[in-house]
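User: Hello! I am new to this structure and would like to learn about its aromatic rings. Could you walk me through them?

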Amino acid sequence: MDANAGLCGLFAALSSAKSVTITAPSELDCHLVRLNAALLAGQHQRSGSGGGYVGRRQRCVVQMLGTSTSIYVYTLSASAAGADSLIRQWQWDSGTAMRALQPALVAPHFDVILHAGWSDSSDARAAEGLLDLAQKLLAPNGALLVAGPCLCRPMARLAELVQEAARGCFRLESDELHHCAHEQLTLRLLRVRVGGAARGAA
């Protein structure tokens, strides 16, 4: 989510993932994600490793090393309302909206959600919206990975929320600091898991 024009998600597509969904806050950002996907596939073609790109509005396919990874691109706000909007759009794209199926039956559920869009100036209240979204879209035992500047206010608020009883469906699995010497920046990485007690609980 909101991760540098989709670069984090596109690099994830190079792994063994069968599908990757990349979201951006605006349609303009989504266009940039699709452009980067096309450039990524073209780079592999030029290197001789084999690759290709097939695209349409919501879905593109990157073919590399004899395997295909489906990349879905959507606009999404990090909130419960954003999750509901994605579920409705997913239902239309899957062709089930006219079949009277309940959205829950075709709603997407993700094993991992990666968010790397916060900065030092981000509002601390953004943490509540992200957890609300994760509660709706993460699969059972799914993981929410959040990376950002170590002094970023939403990062601190997210760690607090996960520990609260009201957020008992989540547990804080790890909280790490990583120093990037090249950028002179210290990043904080939170790994939040669905289910179980909070870290440190008996």
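This is a predicted model: local features need pLDDT of at least 70, side-chain atom pairs count only at pLDDT 80 or more; totals for chains, interfaces and linings use all residues.

User: Is Trp90 buried or exposed?
Analyst: For Trp90 the relative accessibility comes to 18%. The cut-off for buried is under 20%, so Trp90 counts as buried.

User: What kind of pair do the rings of Tyr74 and Trp90 make?
Analyst: The ring centres of Tyr74 and Trp90 are 5.7 Å apart, with the planes at 25 degrees. Planes under 30 degrees apart count as stacked. The pair of Tyr74 and Trp90 is therefore stacked.

User: How many residues apart are Tyr74 and Trp90?
Analyst: This pair links distant parts of the chain. Tyr74 sits in strand E4, while Trp90 belongs to helix H3, and the separation is 16 residues.

User: How many aromatic pairs does the structure hold?
Analyst: One of them is the pair of Tyr72 and Trp90, which is tilted because the planes stand at 40 degrees, with the centres 5.4 Å apart. Here, too, strand E4 (Tyr72) is linked with helix H3 (Trp90). The number of aromatic pairs in the structure is 3.

User: Which residue forms one aromatic cluster with Tyr72, Tyr74 and Trp90?
Analyst: Tyr72 counts as partly exposed because its relative accessibility is 21%. Tyr72, Tyr74 and Trp90 share one aromatic cluster with another residue, and that residue is Phe110.

Note on methods:
Residues are numbered from 1 along each chain as its sequence is written. Side-chain values use heavy atoms; hydrogens and water are left out. Rings of Phe, Tyr and Trp (its six-membered ring) pair if their centres lie within 6.5 Å; planes under 30 degrees apart count as stacked, over 60 as edge-to-face and the rest as tilted. Helices (H or I, at least four residues) and strands (E, at least two) are DSSP runs, numbered from the N terminus. Buried means under 20% relative accessible area, exposed over 50%, partly exposed in between (1.4 Å probe, protein chains only).
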